[in-house]
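Good morning, and thank you for making time for this presentation. Please look at the sequence and the structure while I go through the strands, the helices and the packing in turn.

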Amino acid sequence: YQIWSANGATLARSPSLGTGDLERFSPAADGTAYRAVRLADDTPGRAIAYRFLPKRENDEDDVRQPGQPLTLVVARSGAEMYAHLRFLRGLLWGCSAGVVLLSAAVALAVTRTALSPIYALAQNIDAVGPENLSPNFAPGDYPAELAPICRCLNEVLCRLEASFTRERRFNAD
């Protein structure tokens, strides 16, 4: 700790400061201010500044006489707090990365499951050839969203089969 008078003179200090001084900074209107500081041994710390009017020993009714305000700065090493904050930052980054990876895995699984009927329909369409044109896409085998596509495919295959049949007859004649 260190106490200053209004004119900047040091009135008291803790023995742990040695010959060094704490950083003097002015409190806000409410009388307190917090700040990150460098301590005398060059370690990071946190400090609070407090401006107050001291009570005189002869003031019995605790009525503050107008006098010179004093500024008290109390500082403490912040190494332990900063270590906890670094740990929490690492934990937050790790958890965030885990959530992103887990979300991607769930999205991939849901997408594959949801698209599996479309893959099955694509495999059945791939099996269609000139020798196998009979309609074989039962709308009941697929989800309701694919039923119109199955009906259209069956109609197209019926027309293709009829066209191939006419062509074979024509070639045979």
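Predicted model: local features only at pLDDT ≥ 70, side-chain atom pairs only at ≥ 80, totals over all residues.

Strands S1 and S2 form a hairpin with 5 residues between them, and Gly8 in its turn has a positive phi of about 100°. Helices (H or I, at least four residues) and strands (E, at least two) are taken here as DSSP runs, numbered from the N terminus. S1 covers residues 2-4 and pairs with S2 in the antiparallel sense over 3 bridges; two strands count as paired if DSSP finds at least two bridges between them.

Residues are numbered from 1 along each chain as its sequence is written, and side-chain values use heavy atoms, with hydrogens and water left out.

S1 and S5 run antiparallel and are joined by 3 bridges, with Thr71 in S5 as the bridge partner of Trp4. Between S4 and S5, also antiparallel, there are 8 bridges, and Phe52 has Leu70 of S5 as its partner. S3 is joined to S4 by 7 bridges, again antiparallel. There, Ala33 is bridged to Ala49 of S4, and Arg35 stands opposite Ala47. The hairpin of S3 and S4 has 5 residues between the strands, and Asp42 takes a positive phi near 65° in it.

Is Thr71 buried or exposed? Thr71 counts as buried because its relative accessible area is 5%, where buried means under 20%, exposed over 50% and partly exposed in between (1.4 Å probe, protein chains only). Among the residues that Thr71 touches, leaving aside those up to four places away in sequence, are Gln2, Trp4, Phe25 and Tyr50; contact means heavy atoms within 4.5 Å. By contrast, Ser26, in the loop between S2 and S3, is exposed at 56% relative accessibility. Beyond four places in sequence, Ser26 touches Ala33 and Arg51.

Now to the interior. A nonpolar core is a set of buried Ala, Val, Leu, Ile, Met, Phe, Trp, Tyr and Cys residues joined through side-chain atoms within 4.5 Å. The largest one has 10 residues, including Trp4, Phe25, Ala33, Ala47 and Val73. Strands S3 (32-38) and S4 (44-52) each supply at least two residues of this core. A second, separate core of 7 residues includes Leu121, Phe137, Leu146 and Cys150. Ala47, in the largest core, touches residues that include Phe25, Val37, Val73 and Ala75, not counting those up to four places away in sequence.

The helices come next. H1 has 48 residues and reaches 67 Å from its first C-alpha to its last, close to the 70 Å expected at 1.5 Å a residue; the expected span is 1.5 Å times one less than the number of residues. A kink of about 45° lies at Ser116, shortly before the proline Pro117, the bend being the angle between axes fitted to the seven residues ending there and the seven starting there.

How many residues does helix H2 have, and what should they span? H2 (residues 147-172) has 26 residues, which should span 38 Å at 1.5 Å a residue, and its end C-alpha atoms are 37 Å apart, which agrees. Ala147, Cys150, Asn154 and Leu157 of H2 are buried. An α-helix has 3.6 residues a turn, so residues three or four places apart point the same way. The buried residues of H2 pack against H1.

Finally, a distance across the model: Ser26 and Pro148 are 122 residues apart in sequence and 76 Å apart in space, C-alpha to C-alpha.
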